[in-house]
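Trainee: Please take me through the salt bridges in this model. I would like a close look at how the charged side chains pair up.

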Amino acid sequence: MSPSTNIKFTGSDALIVAFLSCLWLGMIYLINPVGDFPIDDDWGYGLPAMAMANDGGLLFTDRQAVPLFTHVLWGSAFCWLFGSSFTVLRFSSLTAGWIGLIAVYWLLRRFTGKRSLALIGTLALVANPVFVNLSFTYMTDVPFLTLCVVSILLLITGLDKDKHWYCAIGLSLACFATLTRQLGLAIPLSFCIAWLIKNGYRHRWWLEAVLPTLLIGISLVAYTKLVESTIGLPAVYHTKGASMFNLLGHVAQLRLGALTYPAKRSFITFMYLGLFTLPLSVLLVPRLWQTMTPLARRRIGIGSAIFVVGATTACVATGLTMPMIGNNLVDFGLGLRSLAGEAPKAPAQVWIAVTLVSAIGCVLFVGLLIASAWSALLGHTHHAGLHAWHFVMLVLFCVMAIGPPSWMYTAFFDRYLLLLLPFCLALLLGASNNQHAPPPKWAMGLSVVLLAACFWFSIGATHDYLNWNRMRWQSGRYLIEEVGLPVEDVNGGFEFNQYFPNKANLRPGGVDGVVRKPDSPYVIAFEPLQGHDVIERLDCDPWLPWSVRYVWVLRSTAASMPTHNLSPARPSSHHTPPAYPQATQQVSLSIAGQTR
């Protein structure tokens, strides 16, 4: 039996779980997820979930590049119980997020006897801006993360205790994860290798590890073929796979310029993970530093300083300061900025400072990862902690999870990195395997300050993101439902423009391509635009500086059309919204056949 099974979960752990649950509820209360409107890409996931809840069938838009089956099943169950709305779907993600953060705490506790380290590591996830923002959407990221964490936790527990039913449940959840995203295959594949390292080669390896992995892969292929032969695969389903094989083909042809994609994305990955794991890293590094010789400290210190200064300078010179990649963490705030015009931005010095902190975090992250590998792979773990089979399984999963997105020509988003965070936190704890003394007080204080800053930004930015989206959707629905404008006459940004035509055309498979409205006479924007009259300016009541303060409703001055009883307003005036319909009302429009 593995020494890691010596860890006992006591009443103190139950109190920590209760604390984390209350913290999550408090964050939900502060941010306020209520509002029947999609954000980011979750219109493409919400429509199939509502269709399954209402009609019992599986339908897709043309925007899905993943299997999505488990995700739709989860969301449709909530819609069936509580009614079909994006508010309900958002709460389904928040529920998955709560399960995920509890599972992360149990995962970290398996690798450390110190509850404080497991708690700080879990708080690093709970305070992470990408995790918080995506938990308040119906995107696949947070439910998929939860499935992966629970599955790997059960598989590791099953390996450690030699309990087959733990592994059976873990592999079943891995199948559900794979039917959400193809990357779920990384779970059984990494488990196969970990099983060998833990038990050595035995004939039952084929039955307990290889066969389930093959069955999960067959399930994915069978599901894909079934969808293709019935309702048809979404148009972009194979796009990312084709892009990856295209890049690999260019590398095989020695077109080495293609390597700039994975090289740059690997650097970005380590910079982001360094930033995201910093609240835990600062607790682990001091004791590790004390175990080094003076010569090693000098060499590592000089090398680290050169990297931090060089990386920060290079990022500033090339314009690659944080946020290096978009989608969730943006300048300044969270979430897709899809309206016309320029959103407010923070001073450049703010992001240079964040880039500098990320570079420091990157150095600490890599150093702790090396120390963790040294401890785990060379058998220096004598007590509860990270062992070789744990380390290999977690590392292989992370590599297989981030490898395909890194080796593609298609876009690379910061939310792809969220999946790695819980397992990277667990890997870092391996560096504390033989550390018994508590972290110094200054390190604990710095960790608390970093967590407080993350909570402040994550809660405020997610609140502001939802608020300006409320104003956007209330304005757009008012123009369509109350004023009577045709849907094609209102450009409300990416999500708004995709939602209505895809809702009307869901059964045929959605609208082909992305709906763009460059010539719409009415525009909802971040700022007044040239050639447009201001109809309304709506205050978004932001909490953070440099956040979106106003949403503007504009009408083209070149449009030859009735005024619809809307009179232009001066940009400097402040208006409260007219009597908009409630955000929970459903929109029922018929725009079948629109394919723009």
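**Salt bridges**

Mentor: Start with the network: salt bridges link D13, R109 and R115. Keep in mind that this is a predicted model. Side chains of opposite charge can pair when their charged atoms come close. Are R109 and D13 buried or exposed? Both are buried.

Next, take D141 and R415. Their side chains form a salt bridge at 3.4 Å, N to O. This pair also links distant parts of the chain, 274 residues apart. D141 belongs to helix α7 (residues 141-161), while R415 lies in the loop between α16 and α17 (421-429). Both D141 and R415 are buried.

Now a local pair. R204 bridges to E208, with the closest N and O atoms 2.9 Å apart. The two residues are four apart in helix α10, which means about one helical turn separates R204 from E208. R204 counts as partly exposed because its relative accessibility is 26%, and the buried class stops under 20%.

Helix α10 spans residues 204-229 and also holds I218. I218 is exposed, at 52% relative accessible area. Together with L207, L211, L214 and L215, I218 makes a nonpolar surface patch of about 490 Å².

How many salt bridges does a search of the whole structure find? The count is eight.

Notes. Residues numbered from 1 in each chain as written. Predicted model: local features only at pLDDT ≥ 70, side-chain atom pairs only at ≥ 80, totals over all residues. Heavy atoms only, no water. Patch = residues over 30% accessible without salt bridge, like charges linked within 9 Å, V, L, I, M, F, W, Y side chains within 5 Å. Areas by Shrake-Rupley, 256 points an atom, 1.4 Å probe, with all protein chains shown as cover. Salt bridge = Lys/Arg side-chain N within 4 Å of Asp/Glu carboxyl O. Buried < 20%, exposed > 50% of the residue type's maximum accessible area, 1.4 Å probe, protein only.
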